[in-house]
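Okay, thanks everyone, let's get going.

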Amino acid sequence: MALALSLGRRGMGQCAPNPAVGCVIVQGDRIVGRGVTAPGGRPHAEPQALAQAGAQARGATAYVTLEPCAHHGATPPCSEALIAAGVARVVAPFDDTDPRVSGRGFEMMRAAGLAVTTGVLAEEAARDHAGFLIRNELGRPFVTLKLASSFDGRIATASGHSQWITGPEARRAVHAMRARHDAVMVGAGTARADDPMLTARGMGVARQPVRVVVSRRLDLPLMSQLARSAREVPLWLCHGDGADPALAEAWRGLGARLLPCAVVAGQVDAGAMLRALGAAGLTRVFCEGGGALAASLLGAGLVDELIGFTAGFAIGAEGLPGLGALGLSRLDEAARFDLIETRAIGGDVMHRWARAG
């Protein structure tokens with residue numbers, strides 16, 4: 001199962017809205033088939049592993065990181081494929097929370113005489129499938145907030161100079177993180193100040209993450225890198241319903257997809273925005289700021305994972321903070337996260353935190 005989970009992670013960021021599933025087929029003490037959900041979500045992991053196993057699948061055990069599907073979609077159900085191949089036993093962590101499946105795959109296989117074992121590495125699988133599960137349960141994607149800052153928590157000098165806070169090794173690690181998410185998201189201020197591409201470069205990915213910019217007014221540069229590349233790499237703009245119709249038409253003409261969202265207290269409502277992204281099929285979003293967007297997500301309790309990169313220099317109080325105002329008066333009002341990982345990357349320190357509880 002650990003191997004199946006490691007295979008599934010290879011599909012992260014490539015197969016939304018489908019989950020990134022891994023499958024390993026074992027005959028005796030030999031692995032005879034492996035599969036992972038393909039880019040775009042088809043084919044699923046199970047038929048790929050079965051095709052590799054061929055006749056050796058008969059009587060074998062299939063380790064799958066999520067309940068095999070039981071519904072007819074673009075492809076036949078994976079449960080049926082496992083039954084037809086003569087697999088004797090299926091091992092999985094837990095039920096698929098998609099209402100079209102939700103235990104039916106296991107029921108179908110048990111009725112056909114297959115032994116089904118569940119609960120294996122369920123905690124690890126829940127972490128890997130968090131985006132898929134959260135979208136099913138809450139209607140929004142899993143959100144990772146990444147911040148790169150100086151030792152004293154600043155992201156730029158007072159003049160706005162920020163390139164580069166971290167070294168090349170950390171920046172490459174960020175590109176790898178982008179590749180494991182369905183979308184990379186920034187606020188309008190960051191898009192205007194940095195003129196970013198927001199692509200996962202040097203990773204050899206089959207499918208680039210969607211670029212998402214949150215801009216209430218849609219007042220973004222029409223000659224930016226994002227605008228010029230909107231037809232080559234998906235660009236989605238989350239905006240308020242009061243945005244200028246002429247700007248909306250201009251962005252549509254450039255190839256961007258527009259997602260209107262409710263506005264609360266002068267800002268695009270973070271919850272409404274994430275629900276719109278979930279409805280559009282995203283399961284994992286990698287937010288890279290800026291400060292106002294990051295604060296709105298944290299303040300609304302919508303950040304599932306924090307990733308910080310800390311550089312070994314200080315900028316001082318006049319530098320720009322990584323977060324906007326959160327309006328906290330007491331420490332116990334702050335959202336708490338549990339430390340998962342700390343390691344050096346080049347000359348910087350990376351620390352990763354998961355939402356507490």
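So, the structure holds two cavities of 30 Å³ or more. A cavity here is a set of points, on a 1 Å grid over the protein atoms alone, where a 1.4 Å probe fits but cannot get out, and lining residues have an atom within 4 Å of a point. Points are joined across faces, edges and corners, and volume is the space filled by probe spheres set on them.

Bear in mind this is a predicted model: local features need pLDDT of at least 70, side-chain atom pairs count only at pLDDT 80 or more, and totals for chains, interfaces and linings use all residues. Numbering runs from 1 along each chain as its sequence is written, and side-chain values use heavy atoms, with hydrogens and water left out.

The largest cavity comes out at about 100 Å³. Of its 16 lining residues, Asn18, Pro19, Ala20, Thr283 and Arg284 are the closest to its centre.

Now the packing. Which residues touch the most other members of the largest nonpolar core? Ile25, Leu50, Ala62, Leu82, Val87, Val90 and Met109, out of 33. Such a core is a set of buried Ala, Val, Leu, Ile, Met, Phe, Trp, Tyr and Cys residues joined through side-chain atoms within 4.5 Å, buried being under 20% relative accessible area with a 1.4 Å probe, protein chains only. There's also a second, separate core of 27 residues, with Val143, Val210, Ala270 and Leu306 among them.

How values were computed. 1 Å grid on protein atoms, 1.4 Å probe; cavity = no way out; pocket = protein on both sides within 12 Å on 5 of 7 lines; lining within 4 Å. Buried < 20%, exposed > 50% of the residue type's maximum accessible area, 1.4 Å probe, protein only.
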